[in-house]
Amino acid sequence: MDVFKIQGGQRLTGKISVDGSKNAALPLLAASLLTSEPIHFTCMPHLSDITNMSKLLAELGCKVEQQSTNEITLQVTDESTSHARYDIVRTMRASVCVLGPLLARRGKVRVSMPGGCAFGDRPIDLHLRGLEALGATIELDGGDIIARADKLIGATIFLGGPFGSTVLGTANVMSAATLAKGRTIIESAACEPEIADLALLLNNMGAKISGAGTPRIIIEGVEQLGGASHTVMPDRIVAGTWAIAAAMTNGDVTIERFPLDHLLAVTNILSTVGVHVKQIDPSENPRTCAVQIVSDRHLKPVMFTTQPYPGFPTDLQAQMMALLCLSRGNSIITEKIYPERFMHVPELSRMGAKLVRQGATVIVQGVDHLVGAPVMASDLRASASLVLAGLAAEGETTISRVYHLDRGYAAMEKTLASLGAKIERVDGSTIVDGLPLVETVSSQKIVQSDC
Ligand code: EPZ
């Protein structure tokens, strides 16, 4: 397994661009199951999760053609099977987003019940409640969910749960309702931008969806959907991660295709801390604009709580915690979406961070500096926070199990190296004389995709 070796203390400077959003792309790819016509995507991020989703869709009868690194076309050619197998679903929980499209299009679907993940339980009771409301029968057999429906019927569905709404649950129910008979109203729908991006594709395929991005979505069912082309929206979590990386090193970085409009809760906290996100050209679309990131020499503490969109995103909690480890004072972070999402806390502590956890809250006592150490990646965003800490730490940090990072960050080490970071991906399988063979990633100019 590969590891990252980071020599901390390098100030990040230069220009990068944000790739397409993983969390938009996964339900977008699943939407190709709703039609027999081709769906063409540009700005598709080049990630292991996308590769895995493509493999799953190929098993479900989709022809997958990759035109270039960030361009892909899918077309269903065989609708005979509707079984999403455990060995794929267990590696990527988001596979569950094939549930709604398969049920609506093929009338029957068998999907392995996704297990938990590094930061706790990941239930799908709200997904199932929504699909049952549309008239599906749901049963559990050998760890698989089997859903059936001759014809889905529109209904009014409340999709709120104890932790707010459900993003992929909203995607599943909204996708299924496009082919239901009559009107569906989803109350307490997820408002995340990724849902609006999915509704944009579905409407371009012929669906009739209104209100996506608000808590109430209305879908008028249609007989069938056709092909479309779609550009995947920029990844707001990756964008936020790069902004924090720049701030961690007191750098000066320009980030293109930055979804400023989707990160207002984050830039609000960053400005309180002393990190300035400046839109370079005010006339640019704030959803894909260029911004400059600079920060004050001394960072201030802050208090924040993760919330459903438009609140502070749980997927940037770990990265913001890494930044606050270097602020002057005590910060308080409360995790309201996944109360166990703190795999990064013990690892950051190994680097000298002063963190005290009380249930779903962590008190961060700012320190003057972090110290490099061997640490272990666990879940995707916790791993990103360790990379950020390594960039700022004194000395060398090695991060093992970087395959977690490859799920959500395309060649993270190359992007950071292009900004001057001293980071290398070490092939863990080639150990010579007890030392890993080092593949140095020079700060070569990398060709960022134009999306
Ligand atoms: C999406 O997961 C994202 N993944 C997650 O990003 C993100 O953390 C999460 O939304 C919250 O924003 C993708 O989009 C692929 P939820 P999702 O259903 O849809 C509870 C990353 O790092 N819940 O919105 O699976 C659940 O336990 C990943 O990129 C139920 O109770 O999350 C959680 O507390 C990690 N019942 C809350 O709702 C359900 O049926 C939000 O979960 C479903 C969810």
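**Figure 1. Salt bridges in the predicted model.** In this predicted model, the count comes to 21 salt bridges. Arg106 and Glu79 form one of them, with their closest N and O atoms 3.9 Å apart. Glu79, with a relative accessible area of 34%, is partly exposed.

**Figure 2. The salt bridge between Arg216 and Glu187.** The closest N and O atoms of Arg216 and Glu187 are 2.8 Å apart. Arg216 belongs to strand E13 (residues 216–220) and Glu187 to strand E11 (residues 183–187), and the pair links parts of the chain that are 29 residues apart. Arg216 is partly exposed, at 44% relative accessibility. Glu187 is also partly exposed, and its relative accessible area is 24%.

Figure 3. Asp261 and Arg287 form a salt bridge in which the closest N and O atoms are 2.8 Å apart. Asp261 is in the loop between strand E15 (252–258) and helix H9 (264–273), while Arg287 is in the loop between strand E16 (275–279) and strand E17 (289–295), so the pair ties together parts that are 26 residues apart in sequence. Asp261 is partly exposed, with a relative accessible area of 27%. Arg287 is partly exposed as well, with a value of 42%.

**Figure 4. The interface of domain 1 and domain 2.** The domain assignment divides the protein chain into domain 1 (2–19 + 234–436) and domain 2 (22–231). The C-alpha centres of the two domains lie 30 Å apart. In domain 1, 22 residues are in contact with 18 residues of domain 2. The size of an interface is often given as the accessible area lost when the parts come together. For domain 1 and domain 2 the buried area is about 1,800 Å², and 57% of it is on carbon and sulfur atoms. Tyr309, Tyr338 and Arg407 supply 32% of the area that domain 1 buries against domain 2, more than any other three residues.

**Figure 5. Charged and polar pairs between the domains.** There are 2 salt bridges between domain 1 and domain 2. The side chains of Arg407 and Asp49 meet in a salt bridge, at 2.8 Å from N to O. Across the interface, 7 residue pairs are in polar contact. On the side of domain 1 that touches domain 2, the residues divide into 9 nonpolar, 2 polar and 11 charged.

**Figure 6. Helix H6.** Of the 11 residues of helix H6 (residues 167–177), 10 are buried, so the helix is largely enclosed by the rest of the structure. Among the buried residues are Leu168, Val173 and Met174. At the start of H6, a side-chain oxygen of Thr166 reaches to within 2.9 Å of the backbone nitrogen of Gly169. Gly169 is itself one of the buried residues of the helix.

**Figure 7. Helix H10 and Leu324.** Helix H10 (residues 317–324) is mostly covered, with 8 of its 8 residues buried. They include Gln317, Met320 and Leu323. Leu324 is found in this helix too, and Leu324 counts as buried because its relative accessibility is 0%. Leaving out residues up to four places away in sequence, Leu324 touches Val273, Lys300, Val302, Phe304, Ser331, Ile333, Val364 and Gly366. The C-alpha atoms of Leu324 and His404 are separated by 23 Å, and these residues are 80 residues apart along the chain.

Figure 8. Gln307 is found in the loop between strand E18 (303–305) and H10. Gln307 is partly exposed, with a relative accessible area of 36%. Not counting residues up to four places away in sequence, Gln307 touches Phe312, Pro313 and Ile337. Phe163 is 144 residues from Gln307 along the chain, and the C-alpha atoms of these residues are separated by 8.7 Å.

**Figure 9. The surroundings of His230.** His230 is in strand E14 (residues 228–231). With a relative accessible area of 4%, His230 is buried. Apart from neighbours within four places in sequence, His230 is in contact with Leu28, His40, Phe41, Thr42, Asp197, Leu200 and Leu201.

Notes: Residues numbered from 1 in each chain as written. Predicted model: local features only at pLDDT ≥ 70, side-chain atom pairs only at ≥ 80, totals over all residues. Heavy atoms only, no water. Domains from an automatic or database assignment. Contact = heavy atoms within 4.5 Å. Buried area = accessible area lost by both parts, 1.4 Å probe. Salt bridge = Lys/Arg side-chain N within 4 Å of Asp/Glu carboxyl O. Polar contact = N/O pair within 3.5 Å; in protein donor to acceptor, adjacent residues only side chain to side chain. Nonpolar A, V, L, I, M, F, W, Y, C, P; charged D, E, K, R; others polar. Helix = DSSP H or I, 4+ residues; strand = E, 2+ residues; numbered from the N terminus. Buried < 20%, exposed > 50% of the residue type's maximum accessible area, 1.4 Å probe, protein only.
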